[in-house]
Amino acid sequence: MSKEVSTANRPDNTAFTQQRLPAWQPMLSAGIVIPGFVLIGVAFIGIGVALFVTSKNIQVLEKDYTGVGETDSSCSKCVALPEINCQCSVTFSLSKLFEGPVFFYYGLSNYFQNYRKYGASKDANQLSGDLDSFKAPAESCEPYRYNSNDIPIVPCGALPNSIFNDTFKLFQLVDGRKEEVPFDGKGISWWTDYNIKYRNPTVIPLRNAFNGTVKPPNWPLPAYELNTTDPSNNGFINQDFLVWMRRSALPDFRKLYRRITEGDYAKGLPAGNYSLEISYNYPVVAFEGRKKVVFSNVSWMGGKNQFLGIAYLVIGSMCVVMSLVMLIVYAKFKFPDEE
Amino acid sequence: MKFALEEDRGGTEGGRRKQLVAHRLGRDERRVDSRTIYVGHRPSPTEVFIPPKFCDNRIVSSKYTVWNFLPKNLFEQFRRIANFYFLIIFLVQVIVDTPTSPVTSGLPLFFVITVTAIKQGYEDWLRHKADNEVNEYPVTVLEDGRRVRTESEKIKVGDVVEVDEDETFPCDLILLQSTRDDDTCFVTTASLDGESNHKDLESLNATMECEQPQPDLYKFVGRMYIYKTDQEPAIRSLGPENLLLKGATLKNTLKICGVAVYTGMETKMALNYQGKSQKRSAVEKSINAFLLVYLGILVSKALLCTILKYVWQSKPGQDEPWYNQKTEREKETNLYLKMFTDFLSFMVLFNFIIPVSMYVTVEMQKFLGSFFITWDRDFFDPEIQEGALVNTSDLNEELGQVEYVFTDKTGTLTQNNMEFIECCIDGVRYKYRDAVGTELDGFCATDGPVSKLHEKADKEREELFLRALCLCHTVQVKEPTGQDQTDCPMDPPDGLGLDGGRLPPPQEQRGFIASSPDEVALVKGAMRYGFTFLGLESKKMKIMNRNNDIEMYDLLHVLNFDPVRRRMSVIVRSKSGDTLLFCKGADSSIFPRVRQEEVDKIRVHVERNATEGYRTLCVAYKKLSSEEYDRADKGLREARLALQDREEKLTAVLQEEAAETMEALQGAGIKVWVLTGDKMETAKSTCYACRLFQRGTELLELTVRTLEDGARKREERLHELLLEYHRKAVQEAPPVKPGAGRGWSKANQDYGFIIDGATLSMVFNSPDSNSSRYQNLFLQICQNCTTVLCCRMAPLQKAQIVKMVKTSKGSPITLSIGDGANDVSMILEAHVGIGIKGKEGRQAVRNSDYAIPKLKHLKKLLLGHGHLYYVRIAHLVQYFFYKNLCFILPQFLYQFFCGYSQQHICVELLLDNATLYREIAKNAMLRWVPFLYWTVLGVFHGLLFFFGVRYLFGNPALQDNGQVFGNWSYGTIVFTVLVFTVTLKLALDTRHWTWINHFVIWGSLAFYVFFSFFWGGIIWPFLKQQRLYFVFANMLSSLSAWLVIILLILLSLLPDILLVRDAGESGEGGARSWARPLLMRTFSIEANTVV
């Protein structure tokens, strides 16, 4: 081997071809692992405590207004006698300040927004303002593609059609007087959805774009009349619509409806009695669903979620315990009993 | 000569006509087992000539033609279980409305199929080329007295073919005539039985009848009707000695004529050649087994989901909630049909549990991995300037699992030549020392001999010994060397001259041809010491002695070597009138026949040499009185020899490091069987030399010789011996621990088993029920022996043995290694075939799976590369199953939360997924961890990923702006956790971190992040739905998502660090022990260093 025979056939003598690459063999010695575990454990416990405390401090107020089951609910009548904009109300009282900003969610349960065909039942091109697909909606929209007169539905599909259409108004009862709590409907949807993903057709006025189309059968108003006062919240970029279009992952879900950030209520909801007036439209009884409203404030970790904090605490303490066990084992190995 | 033949035939027309009638009759009776050949295609004018239908002389080894390539190749590919499965999935995706696009499974499948088809097509094209080369080889055919040059494939049965020296026979021929005076010719059958025996073949002429083609090389039965003008046709029987086999080469004979009897695919060579079928590795088989398990899981999952779906839908309001009404078509579809399509949809959804990507990756890994064999410098042989060659990459990992090695002897274990090493005359030992710089010299006291310490034997004795070596053989001198010595006879020398002794250099190149290489070695050995055999001329043997004098001896009798007597003798008369008998043979046959007082001295040497692995032969001589000679002459019976006896030692030059290699293999628990076409003695001595047999090894011999003891029938004896050996080796032996290696102590008796071809065919072909029983016994004996030696094997028998072992219980992995064309069938039959780039042509290399330049490379190939490949591929496969289980389980669980609507989590990332792990897995050198472990781990991780995120989503408001996350975010989080966990798991299992590992592992994580950003960061114009648009970025803006990802990754990997893993039952024969978790190992290592 000493004499290098120069020949083309001879394989290259590189570390790679000879499988002799320099290799680093990680040696997780006890000296690294045990402190490592302790460190991880302590860090996890720290995070866990922070999470737990944060989560504990988040105030949440949930009110079910389905109108089925609870007899005292004024919404029962709306279930019994469905009508458009059936009005009912839920009252509650706060004993102390509900710190702001307060987020107001509506929640549905046993509602399968994650159903595959349901989720696919929309036309992404329509929703990005493509006028061609106004005339010929995507096939996935069936059976909400054309109406019985063969006129295309815009926006087509089951997902837009089934938009949540209960509306809420919150009043604080001050000295027998109803004072409306202002709702902020902006910034409740993802920024990218509002600014990039969903686009209205560039036709002015907007309603002209919808010529030759019909509204989805469940909608009381066509898309171009969702918010006639604010063109930046109308059509496909209506915030409520966008929130609805972002499908939930699980059948029990909540969606952001409004924020309470304005006026007297920017610091939160002061203690007192409140009345939530509901236009009850959305039927859920047929599929044994429930409806609720949720007031919540958020922290750096989002909404209230005890799971994460507890999990961190558990894992963290497991790590610490484990490192103790390892320390004992290690000590036994390292300092074996004198015979 | 030819004209004589023609005239002869022309004249016998009448006679033949009669004869033809005769054998038509004869033939009709046994039509099945014989064929009639009309030499020169001369039909009888009087009867209706039906030209017999024989196949033409075309050799076809290719599999496809242009026309049938596509359908046939596709058919073969889809016979593969995985391909078929993916095809079905693909079709389902096309037909049924499914959650995933057909492209995701169609594209990889198409890729795999295309690449394989191209590869196989190319290989077949090469075969076509090789076939054409053989088929268009020019040959000379004699037609009505004219010589016609034609192509090999045009030869028909009955053609008279002329073959020149050094040409190979184009088909099986019956020798009609040769240019040699004695009507014999020499052939070398190296490409058939692997030995360069030069066999004498007699020649005959006329028409013949012979048996139907059969593969046994040493069997041929036929009759020939020879017509003479004036007499009844003479009938002569034809035996194998008359048959020239296709593939053999004509040697030392200018030209022969022969009539073609078997052509094309009916030649013995073709019948011995087995089609190259695609080999499958055992790992692939176990992959298939895993696959079935996962298929079971898959089907049951899909079934469960379907059932649950319909149970759930039967609840009021769930089947068709108002917000998600069905289409008309859905309403009209039959319920059962719907169920079925739902089932299929679930199948497709979960089908990623068995990923196409795995097959692609495994193929790629094997393909790229095989380059490491080619690149290995240790396999480079400076002599032939070549390294190893990989013909198939499918079997890399098989190299690490070989349990049986079948090796050819000649050219594989040995280098196919022999050398004279030392001798012992009258108990005095001589050794030839090849001092550098000195000319080859004789036994002169001055410089040659080694044994100065010993008293030298008589000079006369020495010379007598050398003469004996020169005379007692059947060696022929290759004639046309162009340097013929003068033929002047000289006076018979009597060992007077001591000077001189130099040989004329050209003599050294003198070619000798003999039926066995040891004879050549002896003659050459004698030549080195000054006695040169010049040749045989009209019954006179000429020897040139040390003084450059020519001695002449009359050759009176030659008793050829045969395996039963195990010796050969010649009787010669010297010029001085002495009649001398020389006898040469195995010690066991010489010792009883010489004076006992001499024997003991010699025996010591013989035994010592034999145990050193040399091949020993004894030579004895006797001066015969004229009466004795007459008596011997009459009866040619063995006179009791009563004189000195010499012994000599030869060695078949072993391949470099053959013994070490064999020892290493046995040390690794691999059983080595030697299958050779060689004679038993030669083979045995080689086995000793390679330390396959050792001093303590008890040999169990089952050969023609042992069978012929006593007067009983062979069959009975066979039966008896088999039972006896079985008792010895199987019943009495303590159960052999596999992989324990050979024990040096006597307590563990080693057995070596020897069987020869004839006996083997008895074992295999014995009538009725015995056959399988014998085979069973035979197999059991063999499996209990450390080494098995099979000699006198026909190529097909070698394959038969390999097949027997291959199909025996436990179906062990077999490996065949050989260098000659005779090993091809064996190489093809075994799981792994290895060709040695030796001297005997390239057939073995062409047909092998791997080719290496030397036997010694086998060690590294098996124990180094094979091991690594096995470990890698095993880990790769396990890892893949694990990964996919991890991947698919959250999807499965998700079905429970989305109304069984086959909503899946993240489709675009699937494609990404395959590319992510391909590279990682390829470079990881990892351990074998049992399938179950991985499956459980996969389930655990899958559950963890899913439920961890599920509880996080108990409140989907995960951002500090109160916005909520949807289902795509959910999927992205799960998938991110998954990617990181499985990659880090791989990192945790990686023992050797090379820059490639670093690059790939960290690179793929970085790539994942980058890709997710990129994929989600742009509105892709070609996508219908921008489902993942900014989902990943949004996820990263949520602190909770970060926290849950970190938590889940850590939690998944914790058990890996902590749990004691038992990887003991890895089936690698003790090579790998308990794989302890990192920590435990660390502790003990530290404990060791401290104490």
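This is a predicted model: local features need pLDDT of at least 70, side-chain atom pairs count only at pLDDT 80 or more; totals for chains, interfaces and linings use all residues.
Helices (H or I, at least four residues) and strands (E, at least two) are DSSP runs, numbered from the N terminus, while axes are lines fitted to C-alpha atoms, for helices over the stretch in contact (heavy atoms within 4.5 Å), with angles running from 0 to 180 degrees between N-to-C directions.

## The open sheet of chain B

Nine strands of chain B form an open sheet with mixed pairing, in the order S14-S33-S32-S31-S15-S27-S30-S29-S28; two strands pair if DSSP finds at least two bridges between them. Its edges are strand S14 (389-390) and strand S28 (698-702), each of which pairs on one side only.

Strand S15 (residues 404-407) of chain B runs parallel to strand S31 (residues 814-818) of chain B, joined to it by four bridges, and B:Val405 has B:Leu815 in S31(B) as its bridge partner.

## Annotated positions

An unreviewed UniProt entry lists B:Asp408, B:Thr410, B:Asp819 and B:Asp823 under "binding site", although such annotations may be inferred rather than shown by experiment. Of these, B:Asp819 lies in the loop between S31 and helix H26 (824-829) of chain B, and is buried (under 20% relative accessible area, 1.4 Å probe, protein chains only), with a relative accessible area of 1%.

## Basis of the model

Local features need pLDDT of at least 70, and side-chain atom pairs count only at pLDDT 80 or more, whereas totals for chains, interfaces and linings use all residues. Residues are numbered from 1 along each chain as its sequence is written, chains are lettered from A and ligands numbered from 1 in the order in which they are written, and side-chain values use heavy atoms, leaving out hydrogens and water.

Key: Buried means under 20% relative accessible area, exposed over 50%, partly exposed in between (1.4 Å probe, protein chains only).
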